[in-house]
Amino acid sequence: MASQQHLEKMQLRQNYRNLWHTDLISTIHRHPLYCCFALWCGPCASYMLRKRALYGDMSRYTCCAGYMPCSGRCGESKCPEFCLCTEVFLCFGNSVASTRFLLQDEFNIQTTKCDNCIIGFMFCLQQIACIFSLVAMIVGSDEIQEASQILSCLADMVYCTVCACMQTQHKVEMDKRDGKFGPQPMAVPPVQQMSRIDQPVPPAAGYPPAAYGQPYPAQGYPPAAYPPPQYPPSGYSS
């Protein structure tokens, strides 16, 4: 039942209309410092981003944002900071993905085809490296063993790089949410909007629509383009 709900939620994300403020490819040259920080200290970045995604209110915290079977069963309410610290170190990939799903569901953000290809390539490379490692163990060939080590190293490099870019993407999105790219920061949503699985319809997009032009006066009508005509007195004759 829970897996079916997760599948329906993943299908619902495909209909989201908003896009990430920065795609995965652009994060490296647009925000190189934070990308390097997320690369060399990924768990620390994941901890700070999840806490920031919850607007600093750790009473909202649930392990893996409610997307895993263990969510809500790890004693998060007693010590959420310790549970989050454990999550980002022991389940780093799930922590990054959970923060991503959290932001997508809150702001109706879809992942572009290019980003999906990058993430899919990362998963495929990991699977190929795992298969080569199993074949090398069974066959006992030195050439296959060396190839499996090269593939494993390459897969780890791609994994760390993609996770760093994803976390940079999350950071930029929350900068936008908090008003660093505009004059008005976002308000904290109510608690029920933070639930992801029990909502058949996603909440409204988090960003207010952009205003164009100058607002109309208080009475609701635009100002007159021309002054009203002046008529001569009724007793006047030409």
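Helices and strands are taken as DSSP runs, of at least four residues for helices (H or I) and at least two for strands (E), numbered from the N terminus. On this basis the predicted model contains eight helices and two strands. Along the sequence, these elements follow the order α-β-α-α-α-α-α-β-α-α. Of the 238 residues in the protein, 34% are buried. Contacts were also examined by sequence separation. Among those between residues at least 6 apart in sequence, 73% join residues at least 24 apart.

One helix pair was examined in detail. Two packed helices are described by the angle between their axes and the distance between the axes. Helix 4 spans residues 42–53, and helix 5 spans residues 80–90. Their axes come within 9 Å and cross at roughly 135°. Angles over 145 degrees count as roughly antiparallel, and those from 65 to 115 as roughly perpendicular. Helix 4 and helix 5 are therefore oblique to each other. The crossing of helix 4 past helix 5 is right-handed. Helix 4 contributes P43, S46, Y47, R50 and K51 to the contact. From helix 5 come E81, L84, C85, E87, V88 and F89. By class, six residues of this contact are nonpolar, four are charged and one is polar.

A separate segment carries a database annotation. The unreviewed UniProt entry assigns "transmembrane region" to residues 118–139. In the model, residues 118–139 are 100% helix and 0% strand.

Conventions: Residues are numbered from 1 along each chain as its sequence is written. This is a predicted model: local features need pLDDT of at least 70, side-chain atom pairs count only at pLDDT 80 or more; totals for chains, interfaces and linings use all residues. Side-chain values use heavy atoms; hydrogens and water are left out. Axes are lines fitted to C-alpha atoms, for helices over the stretch in contact, and angles run from 0 to 180 degrees between N-to-C directions. Angles under 35 degrees count as roughly parallel, over 145 as roughly antiparallel, 65 to 115 as roughly perpendicular and the rest as oblique. A crossing is left-handed if the near helix is turned anticlockwise from the far one by less than a right angle, and right-handed if clockwise. Contact means heavy atoms within 4.5 Å. Ala, Val, Leu, Ile, Met, Phe, Trp, Tyr, Cys and Pro count as nonpolar, Asp, Glu, Lys and Arg as charged, and the others, Gly among them, as polar. UniProt positions are given in the numbering used here, feature names are shortened, and annotations may be inferred rather than shown by experiment. Buried means under 20% relative accessible area, exposed over 50%, partly exposed in between (1.4 Å probe, protein chains only).
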